[in-house]
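Here are my notes on this model, point by point. Please read them with the structure open.

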Amino acid sequence: IKRRARTFIRLLESDALRFLHSDDGLMLNCNDKELLEGIIQAALRRGHITLQKATSNVKPEMSTGTSFYHANSSSGDSSESIDNSLLNEQDEPVLWKPQQMIQQVGGVASHKQPVLTLEPRYILKPLRLTHLRMERHQHDYNGAKDGLKDKTKVYRGVREIAFYEALAFASRLSHVIVSCMEPYYNSSSMKEKSIGHLLSCHYNIFRSSSLSFSNEFTSNDGPLSIVSRVKDMCTSADSWDRIAFLLAHFAGDEAVMSAFKSYIDTCTTLATTIETLNKMSDFTPTYYGVVDLRRFDMNEDSPPTTTTMSHPHLLLGNITSNFRHPNIIDIKMGTQAYEPSAPESKQRREIKKYPKQAEFGLRIVGLRVYDKAANDYICEGKSFGTGLMTKAQIIGAFRMFFCVDRDCSNAIRPSGVDDILRQLNRIIDWFENVNSDIAIYAGSILIVYEGDTINSAFSEPPAVKMIDFAHVCRKQGGDDGYLKGIKTLFAMLHEIRNTMPS
């Protein structure tokens with residue numbers, strides 16, 4: 001019995017550790033081609049379903065945060081379909097063509113593709129799936145030229161897809177966790193420990209297989225997904241394994257108890273990450289999957305595959321769509337704009353771009369401000385931001401963005417700055433009190449507010465969102481660099497607010 005119990009718990013421990021794979025902190029096993037394929041296919045299905053609904057005059061839910069994930073998506077879920085009863089047979093499907101986003105700030109480098117807009121309220125962000133191109137041309141990773149040996153560069157596209165898919169998955173799974181945790185709330189155990197027990201012994205040992213995760217969290221087809229791995233882990237034990245474990249555990253077998261403690265700790269870390277991502281989704285653009293631009297030229301009715309797509313793009317909610325004349329600023333956050341595992345040459349290039357990044361924890365990438373008198377926009381790009389070398393200069397740039405010095409009649413209202421500060425404070429709270437194992441390198445904060453406060457028919461509140469997640473890593477203790485930057489940003493905007501009328 002002891003031998004069987006030890007084998008069982010070690011297998012469970014090994015399975016749980018797969019979820020916390022750390023490849024130079026990348027949080028994604030880049031050598032698992034089946035996993036990468038499954039992530040991309042899940043995102044393509046999600047994007048295909050979104051556009052099917054949109055072009056059939058069935059609008060997807062557009063609220064920000066997690067509600068769209070809760071109502072309409074699951075990681076790898078291909079069972080969603082359009083309710084034809086909602087369609088007006090006399091209405092022709094609305095077909096759009098992507099257009100270059102005129103509100104994109106920071107400029108577009110000659111070697112990069114521009115961000116596109118898709119009416120009425122989507123953006124298409126180009127993805128670089130370099131690892132797929134290397135596989136198609138059978139490039140040897142170890143023998144590739146230096147630029148293609150950098151995993152932070154080769155896998156950034158699929159990592160950003162994986163991050164957004166993880167947000168969607170965490171949002172759905174969090175409902176299961178919270179509902180099943182209710183009996184523990186009044187207990188003396190810590191919430192995190194309860195989550196760990198929930199994902200481990202509660203599902204894998206003490207519950208029968210029939211009471212494990214329901215099929216709504218698994219993919220019905222395609223490669224093995226993260227979600228189906230969860231289900232496999234939850235249903236792998238037969239009754240004799242469970243009985244053997246219980247007997248050995250309650251008999252005090254040290255090997256079983258030690259392995260079980262390690263297993264609980266691993267599941268606790270996994271569950272904590274799930275909750276962290278779920279709460280973070282409030283601060284990110286709404287995610288709708290991945291689409292291929294070929295779809296708009298060929299009117300394809302089926303989702304593309306990794307072998308047929310040619311121009312993959314992330315499909316996200318357009319943060320600027322509710323503004324008539326959006327004023328926009330893109331601020332790259334963190335004390336460093338490169339991952340710890342990036343090659344030294346990459347690190348030196350990033351430091352050279354803006355040596356003050358480590359001091360301030362932020363860099364203005366670009367901004368766009370509506371000039372009411374000229375009925376045009378004042379735009380500043382990357383060179384503007386890298387030229388700001390002092391705190392006073394950076395604050396001056398923010399004052400220009402808020403129009404507090406140039407045209408007081410068109411300046412942001414004090415209540416607008418208060419709203420922005422409240423939103424920033426919520427993000428600060430997430431970094432300080434929720435996030436303990438995620439670092440976001442080269443990510444940005446995007447701030448948008450209405451630039452024509454006089455003629456706008458309504459006053460849309462400012463939007464503050466975290467964007468750009470191609471370089472997310474696992475880091476014990478969280479992300480002090482990003483936190484420093486956002487605190488600097490908060491302090492600078494608060495200083496500007498103190499000069500405005502109350």
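1. Start with the buried side of α17. Its buried residues are Gly-416, Val-417, Asp-419, Ile-420, Leu-421, Gln-423, Leu-424, Ile-427, Ile-428, Trp-430 and Phe-431. Keep in mind that the model is predicted.

2. The length of α17 checks out. The helix covers residues 414–433, which is 20 residues. At 1.5 Å a residue it should span 28 Å, and its end C-alpha atoms are 28 Å apart, so the two agree.

3. Now the rings. The structure holds 11 aromatic pairs. One of them is Phe-163 with Tyr-164: the ring centres are 6.3 Å apart and the planes stand at 75°. Planes over 60 degrees apart count as edge-to-face, so this pair is edge-to-face. Phe-163 is buried, at 8% relative accessible area. Tyr-164 is buried too, at 1%.

4. Phe-431 and Tyr-482 make another pair. Their ring centres lie 4.7 Å apart, with planes at 20°. Under 30 degrees counts as stacked, so this pair is stacked. Phe-431 sits in α17 and Tyr-482 in helix α18 (residues 480–498), so the contact ties together parts 51 residues apart in sequence. Phe-431 has a relative accessible area of 5% and is buried. Tyr-482, at 1%, is buried as well.

5. Last, a charge over a ring. Arg-368 lies over the face of Tyr-377, 3.6 Å from the ring centre.

Key
Residues numbered from 1 in each chain as written. Predicted model: local features only at pLDDT ≥ 70, side-chain atom pairs only at ≥ 80, totals over all residues. Heavy atoms only, no water. Helix = DSSP H or I, 4+ residues; strand = E, 2+ residues; numbered from the N terminus. Expected span 1.5 Å × (residues − 1). Buried < 20%, exposed > 50% of the residue type's maximum accessible area, 1.4 Å probe, protein only. Phe/Tyr/Trp six-rings, centres within 6.5 Å; stacked < 30°, edge-to-face > 60°. Lys NZ or Arg CZ within 6 Å of the ring centre and 35° of its normal.
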